[in-house]
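Thanks, everyone, for making time this morning. I would like to talk through the salt bridges in the model on the screen, pair by pair.

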Amino acid sequence: MQDQLPNKLLRYRTVQGEGCGEIVIQKSRFLAYVKRAETEADALHFIERIRKQHWDATHNCTAYVVGDHDQFQKANDDGEPAGTAGKPMLEVLKKSGLKDTVVVVTRYFGGVKLGAGGLVRAYSKAVSAGLAAVGVIERTLHRPIAIGIDYSQLGRVERELRTAGIAIAEIRYLETVTVVALAEAGQEEEVEKKAIDWTAGQALLERLAPVWVDRSVSCNDEELS
């Protein structure tokens with residue numbers, strides 16, 4: 001039953017979708033727009049959209065990290081003093097362990113200069129507010145395994161799967177019953193061996209197309225490995 005998984009990470013963090021957080025510091029208004037971007041083109045398109053939306057802003061500073069191995073990373077200060085906006089924004093994304101994420105912080109100047117250190121803190125805080133607004137998730141690749149069994153075996157298979165902490169995606173009731181279990185990528189053989197054991201070798205097994213399973217996490221959660 002060996003087969004190949006996609007050439008991707010098996011687990012990673014990204015943002016839930018798209019959202020915006022806002023902070024006000026010394027009368028300057030900072031709007032942090034955050035979005036998941038699975039390609040660099042997606043990130044650039046989002047940046048252009050926000051810049052057009054806020055064409056009248058004092059600054060539209062940007063940062064993104066894209067790719068399985070963070071191979072696409074860029075930051076732009078958009079007229080703020082060098083290193084006070086885009087780079088701190090990018091650092092927040094990286095320290096949060098995020099991939100495939102783009103952020104645009106739009107600033108409307110309030111008349112009070114913040115200084116270099118103040119700008120770094122402001123843009124970093126704005127990104128954190130944007131991440132809190134959109135939500136962070138951990139995505140784990142799973143392989144659904146269809147377990148074909150007799151109805152008499154259903155109770156035990158359900159019980160054993162739940163005891164082992166293996167999620168059940170669905171149960172199909174036909175002439176026989178099929179339980180679709182979600183095995184974490186790399187754990188397929190272990191789950192299949194268990195299913196064979198639970199059914200005395202009678203289960204019919206089939207690996208289905210991989211799927212991502214998402215769970216919400218805190219931006220400061222250090223459980224990701």
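What follows is a short walk through some of the charged pairs and how exposed their partners are.

Please keep in mind that this is a predicted model, and that the structure holds 13 salt bridges, of which I will discuss a few.

Let me begin in helix α2, which covers residues 86–95, where the side chains of Glu 91 and Lys 94 meet in a salt bridge with an N to O distance of 3.9 Å. These two residues are three apart in the helix, so about one helical turn separates them. Both ends are partly exposed, Glu 91 having a relative accessible area of 29% and Lys 94 one of 38%.

Next comes the pair of Arg 172 and Glu 170, whose closest N and O atoms are 3.3 Å apart in a salt bridge. Arg 172 is partly exposed, at 34% relative accessible area, and Glu 170 also counts as partly exposed, at 37%.

Which residues are linked in a network of salt bridges? The network joins Arg 11, Glu 138, Glu 184 and Arg 215, and with that group on the screen I will stop and take comments.

Conventions
Residues numbered from 1 in each chain as written. Predicted model: local features only at pLDDT ≥ 70, side-chain atom pairs only at ≥ 80, totals over all residues. Heavy atoms only, no water. Salt bridge = Lys/Arg side-chain N within 4 Å of Asp/Glu carboxyl O. Helix = DSSP H or I, 4+ residues; strand = E, 2+ residues; numbered from the N terminus. Buried < 20%, exposed > 50% of the residue type's maximum accessible area, 1.4 Å probe, protein only.
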